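Reader: I have just opened this one and would like a slow walk through it. Could you take me along piece by piece?

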Amino acid sequence: MDTLELIRSLAIIIIFAKFFGLIARKLHAPQVAGEIAAGLIIGPSLLNWVQDTDIIKALAEIGVIMLMFSAGLGTNLRQLRKTGAKATVIACCGVFIPLVLGTVLYMGFYGWASVGTEQFYRALFIGTIMTATSVSITVQALRELGKLTGLVGTTIVGAAIIDDVIGILVLTFVIGLKDPSSNIGLVALRTALFFAFSVGVGYLCYKLFKALDKRYPHTRRIPIAGLALCFGLSYIADKYFGVADITGAYVAGVILCSLDDSDYIARKMDINSYMLFGPVFFCSIGLQTNVRTLDMSILWFSIAFVIVAMVGKIIGCGGAAKLLGFTGEDSMKIGAGMMTRGEVALIVSQKGLQVGMLDSKYFTSVILLIIISSILTPIVLKSLYAKRDEADYTDFHHPVKAPLRGAKS
């Protein structure tokens, strides 16, 4: 692709991504769904105006890294400490159950495979995609209902944050297993070494950035240095530890998330991501999907994928909440609140395609999951909270009458 062709492709991507993103937002759907739809329209599925070239892939990879850096910056460590052990248990179950169910689902459709085979790793990666939770839609729904700061709302947000961390660890581990020369012990060792390295370097970097932030608050040199840390840790993670580069980017964000200027850094990152790298990444998902090649087997698999992914979160998170002492109704709210999928599921899918653990045709399943879960979750939560509010109203306005003193019972 020459320079002029690249400029033409970027112009088409940006215009279509933003246009369809706005339409999606008007329809109360995730904006990323519109951007993915734009990729489907301008790609091989329909108009074929833009091809998924190596340069587009490179820009999309930068977009993924920046998205994960922003996700790390948005991590609330105080929230993690506040929700404590219960949110951790809920998150662990919310990762484990969908991971197992997704793996079984794939093998149920395409045949059972022995551990260590290519087929087994593909099945395991389908389960890995299901582990991701995107709580942004849930947070907005809870905020509108006025329930965000309650026990259930706080637990959902805390569990979702921990869920993302565990999901990245699972992704790192599963990708490490793909290397024929590796084994489970070696993968675990490399992953542990990377996080040990991150703790040491992260502490030093945090102190350095804190001093820099104190001396030069709200200056552009801080986001620039933060972006350099993001790219640096991404490179080190992949090059020297065999860990996914997006894991390094996420860790870089977590290192800086407690700075006074973390929101300022995030806003500066969002400018680049919102204007160029984000649209390129989400459109590239559509560019890699050709609906003309879909058959009925993929359609049936996609339907089963969506159902299993959503039910898996309800069983995993809701079941764990029930065992931890939450009421049945609150457990359902927690399970439903964890159903949504978004950018992280796409990022995991993109990484699977890149390392050869996922075929591009399965992006259709992921896209359907994101759209359906994002639409259903607010509806289900509103219904669950409406039942409680109606019960409270009934109890208040129509109390059970006690027998009068002295009256015959």
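**A walk through the helices**

Author: Asparagine 272 is partly exposed, with a relative accessible area of 34%, where partly exposed covers the range between buried (under 20%) and exposed (over 50%), computed with a 1.4 Å probe on protein chains only. This is a predicted model, in which local features need pLDDT of at least 70 and side-chain atom pairs count only at pLDDT 80 or more, while totals for chains, interfaces and linings use all residues. Residues are numbered from 1 along each chain as its sequence is written, and side-chain values use heavy atoms, with hydrogens and water left out.

Reader: Which helix holds asparagine 272, and what is it in contact with?

Author: Asparagine 272 belongs to helix 11, residues 262-287, where helices are DSSP runs of H or I with at least four residues, strands are runs of E with at least two, and both are numbered from the N terminus. Apart from neighbours within four places in sequence, asparagine 272 is in contact with Met66 and Phe277, contact meaning heavy atoms within 4.5 Å.

Reader: How many helices and strands does the chain have?

Author: The chain comes to 15 helices and zero strands. Of its 409 residues, 49% count as buried, and among contacts with a separation of 6 or more, 80% join residues 24 or more positions apart.

Reader: At what angle do helix 3 and helix 9 pack?

Author: Helix 3 (residues 54-73) and helix 9 (residues 221-241) pack at about 115 degrees with their axes 11 Å apart, the axes being lines fitted to C-alpha atoms over the stretch in contact, and the angles running from 0 to 180 degrees between N-to-C directions. Helix 3 and helix 9 are therefore roughly perpendicular to each other, since angles of 65 to 115 degrees count that way, while those under 35 are roughly parallel, those over 145 roughly antiparallel and the rest oblique. The contact is made by Ile62, Ile65 and Phe69 of helix 3, together with Gly226, Leu227, Cys230, Phe231 and Ser234 of helix 9.

Reader: And how do helix 5 and helix 14 cross?

Author: The axes of helix 5 (residues 118-131) and helix 14 (residues 343-354) come within 8 Å and cross at roughly 160 degrees, and these helices are therefore roughly antiparallel to each other. On the helix 5 side the contact is made by Phe125, Thr128 and Ile129, and on the helix 14 side by Ala345, Val348, Ser349, Lys351 and Gly352.

Reader: Changing topic, is tyrosine 106 buried or exposed?

Author: Tyrosine 106 is buried, with a relative accessible area of 6%, and lies in helix 4, residues 77-110. Not counting residues up to four places away in sequence, tyrosine 106 touches Gly111, Gln119, Arg122, Ala123, Ile126, Phe301 and Tyr362. Tyrosine 106 and phenylalanine 301 are 195 residues apart in sequence, and 8.2 Å apart in space from C-alpha to C-alpha.

Reader: What about threonine 364, which residues is it in contact with?

Author: Leaving aside neighbours within four places in sequence, threonine 364 is in contact with Thr289, Leu294 and Ser302. Threonine 364 lies in helix 15, residues 363-397, and is buried, with a relative accessible area of 16%.
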